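Have the sequence and the 3D view ready.

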Amino acid sequence: MRPDQTEFVLRDGARIPAVGFGVYKVDDADAERSVATALRSGYRHLDTAEMYRNEAGVGRAIRAAGIARDDLFITTKVWNTNHGREQTMRAFDASLGRLGLDRVDLYLIHWPAAANDRYVETWRALVELQADGRATSVGVSNFQIPHLERIIGETGAVPVVNQVERHPWLPQADLLEFHAAHGIVTEAWSPLGRGRLIDEPALGVIARKHGVSVAQVLVRWNIDAGVVALPKSVTPERIASNIAIAGFELDEDDRAAIATLENGTRTGSHPDQVH
Ligand SMILES: NC(=O)c1ccc[n+]([C@@H]2O[C@H](COP(=O)([O-])OP(=O)(O)OC[C@H]3O[C@@H](n4cnc5c(N)ncnc54)[C@H](OP(=O)(O)O)[C@@H]3O)[C@@H](O)[C@H]2O)c1
């Protein structure tokens, strides 16, 4: 199958490739290698963060690939300890320096870290960065509805994206409904449930029916819902196959079977637990 080239349009008019390549828990050298493989495999959207400590490796892979900057979509995120206007500005400059870029396509607040209560001030800083043109788009990650209501209510600026854990165990219907009402695109982190969903029998049945992998079913399921999927792998064959989903469709029976898998299981942290 061919790499998926679906794009979604963000509320600020920017276009975002529907499948992005994740590099969480990948060290700098492995990030350089796996991003190089991903770019060769057709990914044009990369998802990193200052907390991943691999922005430099991601940047080296970008430069070596020789792909036109405007054909790439690069996301990074400000970490919880850098909330606040001045810290965020410094963190942003440091991320750009490590990536070797003069702008990112998307800058996100990694977690609300609500106990620290500085996410509104941090959000204002991101809005400033967008106005300066150094972050083409700005959004958030791991925000729950009350956090979204608060930044929108206090600043009037709506994030274009909220990146959250999402997969069939945790489909996040209430959050997606709120996003739809405000024109916010959902991005799914851990779309494969950190690999744990690969062994889910009902997904195996659907994958065999279509002659695809369970990971391909999971990526397709997100895109069909208008959700950006961010699968991670350091394994070259998996990197290539996770985006090669242009060529099959899930049907109503498949979607109904997937809907029965919801059980609330998180494979990562709950936003209230991260400070
Ligand atoms: N904003 C946030 O707070 C947040 C939190 C978590 C993640 N994220 C983002 O979302 C990305 C993805 O999430 P994730 O890394 O937690 O997990 P994931 O993409 O759901 O799963 C990755 C795991 O699945 C395995 N895998 C990948 N493709 C596979 C395939 N085709 N068949 C079988 N196993 C496969 C990988 O193994 P190998 O690598 O060994 O192949 C790895 O163990 C991250 O890299 C990051 O960019 C964001």
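Here is a short tour of the ligand site and the sheet.

This is a predicted model, where local features need pLDDT of at least 70 and side-chain atom pairs count only at pLDDT 80 or more, while totals for chains, interfaces and linings use all residues. Residues are numbered from 1 along each chain as its sequence is written, and side-chain values use heavy atoms, with hydrogens and water left out.

**Around the ligand**

- The ligand is surrounded by 28 residues, each having a heavy atom within 4 Å of it.
- The closest ones are Asp-47, Ser-190, Arg-194, Ser-233 and Thr-235.
- That shell splits into twelve nonpolar, eleven polar and five charged residues, with Gly counted among the polar ones.

**Polar contacts** (pairs of N or O atoms within 3.5 Å)

- Ser-190 puts a polar side-chain atom 2.7 Å from an oxygen atom of the ligand.

- Eight strands make an open sheet in the order β3-β4-β5-β6-β7-β8-β9-β10, with parallel pairing.
- β3 (21-22) and β10 (228-229) are the edge strands, each with a single partner, so one side of each has no neighbour in the sheet.
- Strand β9 (residues 185-189) runs parallel to β10 and is joined to it by two bridges.
- Ala-188 sits opposite Ala-229 in β10.

Terms used. A polar contact is a pair of N or O atoms within 3.5 Å; within protein, one must be able to donate a hydrogen and the other to accept it, and residues adjacent in sequence count only if both atoms are side-chain atoms. Two strands pair if DSSP finds at least two bridges between them. Helices (H or I, at least four residues) and strands (E, at least two) are DSSP runs, numbered from the N terminus.
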